[in-house]
Amino acid sequence: MEVPVYLITGFLESGKTSFIRGVMEDAEFSQGERTLLIVCEEGIEEYDKKLLRSANANADMVVVEEEAQLTPAYLQQLQNKYMPERVLIEFNGTWNSAAFLEMKLPSLWLMYQVICQIDASTFEVYLNNMRSIMMEMIKTADTVVFNRCTAETPRNSFRRTIKAVNRPASLVFESEQGVMDDPQDEELPFDINADIVEIDDDDFGLWYMDVTEFPDKYVGKTIRFKGMVYKSTRLPRGCFVPGRIAMVCCANDAQMIGFLCKTDNPAQLKKNSWVMVTAQLKLEASPAYKGKTGPVLYASDIQPAEKPEEEIAYFS
């Protein structure tokens, strides 16, 4: 049976311990599986022995004080001794996470997720003074969590910084009270109130998800974006889909995403070619949506375009 491994990275006092404690207390995540907690850094926040021994957490904790101690042989010893069903690793922020991720793990262990915890109030300080270490943590993360956010936190600036080095990473912004931002309230990287809402290549997935979740706020808006032409006899007459290939989970789950687009001359569009589309968005029923109401684009201009630097679309 595979043993999922969760690697939690971040500098000292970045919220790693609080995050792991929350995970252990969450009944939806922890249901009594034997958990091995490997702690590589001890900060102000500590682990309550009662929590570790609770039926929910059911955890054994091991403290690793030196980076050189983390070897394949040592990890195998831990596997043999504790026989965990899940492994949580609170990694030292000054250690080399990239090297650890390349290390051979015990045969049953599977690196399931790398979560980078960042204190939003100190992010820019660390970025300026320990940039190479911070960038390495961000590059290796599947999810980046900015905690202790306030109304003044420059979310868009932080998002651009993360996406510049790790485009597939998911981003989470969490308040000082531990409440995650409502996606509908999130500051988007494009101006939805502009006469023409310009969608950059890197933001297609984010725009697609926002339209899918909150279509009403886009009704009547004129959008300009780049997409790949998808054509099929199953689509309504006079329609095509200008979309992108999206990585939903892994390479095997890549799929085409996009919205139905009506145009006067779909026959002139070459399948799989790239086009820049300017269109107004409406909500209406369509056979493409199995008779249900969905976003439909009415194209006013379609121009040939160069493919984007990154053809895969991501959702954050």
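This is a predicted model: local features need pLDDT of at least 70, side-chain atom pairs count only at pLDDT 80 or more; totals for chains, interfaces and linings use all residues.

Which residues of the largest nonpolar core touch the most other members? The residues in question are Trp207, Tyr218 and Phe225, within a core of 32 residues. Several elements each supply at least two residues of this core: helix H8 (204-213), together with the strands S9 (222-230), S10 (239-247), S12 (260-262), S13 (274-285) and S14 (293-304). The largest contribution comes from H8, which gives five residues.

Let us look at tryptophan 207 itself. What does tryptophan 207 contact, once its neighbours within four places in sequence are left aside? The partners are Phe190, Ile199, Tyr218, Ile223, Phe225 and Phe259. As general background, nonpolar side chains in soluble globular proteins tend to be buried together.

Is strand S1, residues 3-9, mostly covered or mostly open? Strand S1 is mostly covered, with six of its seven residues buried. S1 pairs with strand S5, residues 109-119, through seven bridges, and the two run parallel. Within that pairing, tyrosine 6 is placed opposite glutamine 113 of S5. S1 also pairs with strand S4, residues 86-90, again in the parallel sense, over four bridges. Here leucine 7 has isoleucine 89 of S4 as its bridge partner.

Finally, some values for the chain as a whole. How many helices and strands does the protein chain have? There are eight helices and 15 strands. The C-alpha trace spans about 70 × 45 × 35 Å along its principal axes. Of the 316 residues, 44% count as buried. If we consider contacts with a separation of 6 or more, 72% of them are between residues 24 or more positions apart.

As for the surface, the accessible area of the chain is about 16700 Å², and carbon and sulfur atoms account for 48% of that area.

Thank you for your attention.

How values were computed: Residues are numbered from 1 along each chain as its sequence is written. Side-chain values use heavy atoms; hydrogens and water are left out. A nonpolar core is a set of buried Ala, Val, Leu, Ile, Met, Phe, Trp, Tyr and Cys residues joined through side-chain atoms within 4.5 Å. Buried means under 20% relative accessible area, exposed over 50%, partly exposed in between (1.4 Å probe, protein chains only). Contact means heavy atoms within 4.5 Å. Accessible areas come from the Shrake-Rupley method with a 1.4 Å probe; for residues, only the protein chains shown count as cover. Two strands pair if DSSP finds at least two bridges between them.
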